Amino acid sequence: YTPAMMGDAGGHRRLQQRRAARADRKCWVRYFSLTVTMVFQQQALALQTPVVATWGKYPFKGTLLVQSDGAFQPLCGATLISRSTVLTAASCFSQFGPNWQYRVQLQVPVGSGCADEIPIKFGSIINYPWFDFDNDRVQDNMAIFTLDFPACFEAEDNFAEVDRTGKLHENERARSLSTPGSGNPTLYKEHFPVMLPPEDCAALFRRSRDVTWNVRSMLCAREDSTVDPPTCNQEIGAPLFLPASVERPRPLLIGVLSYSPPCNITRTIAVYTRLGSFEYYQWVDSNARVPPPSPPPSPPPPVLPIIFPISGVFVLPGSSAARARIPPTCIAPGSDASSITAPDGSSLPIVAQCCSGPIGASEEDEVCHRRAPSADGDGACISGEAPAVTATSFREAARKCLLLGLRLCSKACEDTGCGYNSYPVWTLRSCGAGLPPIAPITEAPSPPPPT
């Protein structure tokens, strides 16, 4: 029986109080369990104070500007994902609309000559189609647009890579960037929010009138708001990313700030559009003007096998003046020799020189090249410049000439540069053809005796 059944009104009140107390304890247990969970997460990754970021440290961070009262004013954060394509929040365009005049302020190096503000190409703004402008929903809060001309950044790591991992990144420390109030570099801050598990995000926003939580499309992160400036009231559209690392050469853009809470609580929770969601990054890929990766360089054309003449080839002195020290030498077929032995016993490196002209041309029609052909006629010496020459075998010399679009010569090419007059040179002259005639060296006539 109960006190009420016995007509005891006071007992009935005490029973009701006990029931209410039990209900309060259940609510407290639920709140306490969530609080303990949050405390342990904070202990695992302690909250860090935002710091002033070096201007240009993260060149992919831009500021969306809108023309108002005759001047361009900061509106939202933005992120470059290529030289021409930028991501931001769709809600940035809810007040002014897509046909206003917009620009993006970039973090270009001072004195680089690059444009630090680039207009947005008219009509290029594409809002995520499911974003609800009427209710200004946090969910699906994403837009993409194209710059009027490409940013002057060249290196790939100057742009953020859109997350395609599908991860929630819970309990990871991310980065967010803000330039609150203006594009003033002195206000540029780097924040270190800690990503929260989806169940904690859902619990925190369960009774919120501003946010209806959706784990598919949202991420949330916690940061200490007791510092200045706090996470609260940051630029909507600003990037949430994981910094580059050894495994990840480019910063990984995991979110776009879509809700920044007011600054009236000690610990703030910001909400981001979750780019790692499959339908989101597919939509980005289908609308982004991201150039395809550069194709790998074409392999060099195959070099035909070098065939050593069956009767061997002659190595000739580089000039007629050197023939006493460098006798013409027949190199046997298949030899890998790259030097010859002089009469005095010294070893002489054989150098490569090349000729142009039709196959079978006479020696008089061959054009000698001891340097690689170039527009100014001052290319590199084919076997290095004397005295630092590179010894070559027949096959190496023939290959050097083929890669230059030339061939070995049939003659010594005397006095054509690189100091090769004093070295033995490879030729195509077959040993079976005999030596070319070499003009005898004649001494200058003695002057007549004085009279």
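1. Over which residues does the pLDDT stay under 50, and how many contacts beyond four places in sequence does the model have for them? The stretch is residues 19–44, for which the model has 13 such contacts. Where pLDDT is low, the predicted coordinates should not be read in detail.

2. On confidence overall, the protein averages a pLDDT of 77, and 74% of the residues score at least 70. Confidence is lowest in helix H1, residues 9–44, where the mean is 42, and highest in strand S14, residues 239–242, where the value is 94.

3. The largest nonpolar core has 46 residues, and those with the most contacts inside it are Leu64, Leu87, Phe145 and Val284. At least two residues of this core come from each of strands S2 (61–68), S3 (71–80), S4 (85–88), S5 (102–105), S8 (143–146) and S15 (252–259), and likewise from helix H3 (278–287). Helix H3 gives the most to this core, with 4 residues. Apart from this core lies another, of 21 residues, which includes Val313, Val315, Ile350 and Cys401.

4. Phenylalanine 145, one of the residues with the most contacts inside the largest core, deserves a separate look. Leaving aside neighbours within four places in sequence, phenylalanine 145 is in contact with Leu64, Ser84, Thr85, Val86, Thr88, Phe93, Val104, Ile120, Ser124 and Ile125.

5. Isoleucine 125, one of the contacts of phenylalanine 145, is found in the loop between strand S6 (117–119) and strand S7 (126–127). With a relative accessible area of 14%, isoleucine 125 is buried, the cut-off for that class being under 20%. Not counting residues up to four places away in sequence, isoleucine 125 touches Phe93, Pro98, Tyr102, Ile120, Ile144 and Phe145. In the case of phenylalanine 93, which is 32 residues from isoleucine 125 along the chain, the two C-alpha atoms are separated by 9.1 Å.

6. An open sheet of 3 strands has the order S18-S17-S24, with antiparallel pairing. Strand S18 (329–331) and strand S24 (424–430) each have a single partner strand and stand at the edges, so one side of each is left without a neighbour in the sheet. On average, neighbouring strands of this sheet are turned by 35 degrees against each other, direction ignored. Strand S17, residues 313–317, pairs with S18 in the antiparallel sense over 3 bridges, and phenylalanine 314 stands opposite cysteine 330 in S18.

7. The count of aromatic pairs comes to 11. In the pair of phenylalanine 60 and phenylalanine 241, the ring centres are 5.1 Å apart and the planes stand at 85 degrees, so the pair is edge-to-face, the cut-off for this class being over 60 degrees. This pair links distant parts of the chain, 181 residues apart, with phenylalanine 60 in the loop between strand S1 (51–52) and S2 and phenylalanine 241 in strand S14. Phenylalanine 60 is buried, with a relative accessible area of 1%, and phenylalanine 241 also counts as buried, at 0% relative accessibility.

8. Tyrosine 128 and tryptophan 130 form a tilted aromatic pair, with 6.3 Å from centre to centre and 55 degrees between the planes. Within this pair, tyrosine 128 is buried, with a relative accessible area of 9%, whereas tryptophan 130 is exposed, with a relative accessible area of 60%. Together with Tyr280 and Trp283, Tyr128 and Trp130 form one aromatic cluster.

Methods: Residues are numbered from 1 along each chain as its sequence is written. This is a predicted model: local features need pLDDT of at least 70, side-chain atom pairs count only at pLDDT 80 or more; totals for chains, interfaces and linings use all residues. Side-chain values use heavy atoms; hydrogens and water are left out. Two strands pair if DSSP finds at least two bridges between them. Axes are lines fitted to C-alpha atoms, for helices over the stretch in contact, and angles run from 0 to 180 degrees between N-to-C directions. pLDDT is the predictor's confidence in each residue, from 0 to 100. Contact means heavy atoms within 4.5 Å. A nonpolar core is a set of buried Ala, Val, Leu, Ile, Met, Phe, Trp, Tyr and Cys residues joined through side-chain atoms within 4.5 Å. Buried means under 20% relative accessible area, exposed over 50%, partly exposed in between (1.4 Å probe, protein chains only). Rings of Phe, Tyr and Trp (its six-membered ring) pair if their centres lie within 6.5 Å; planes under 30 degrees apart count as stacked, over 60 as edge-to-face and the rest as tilted.
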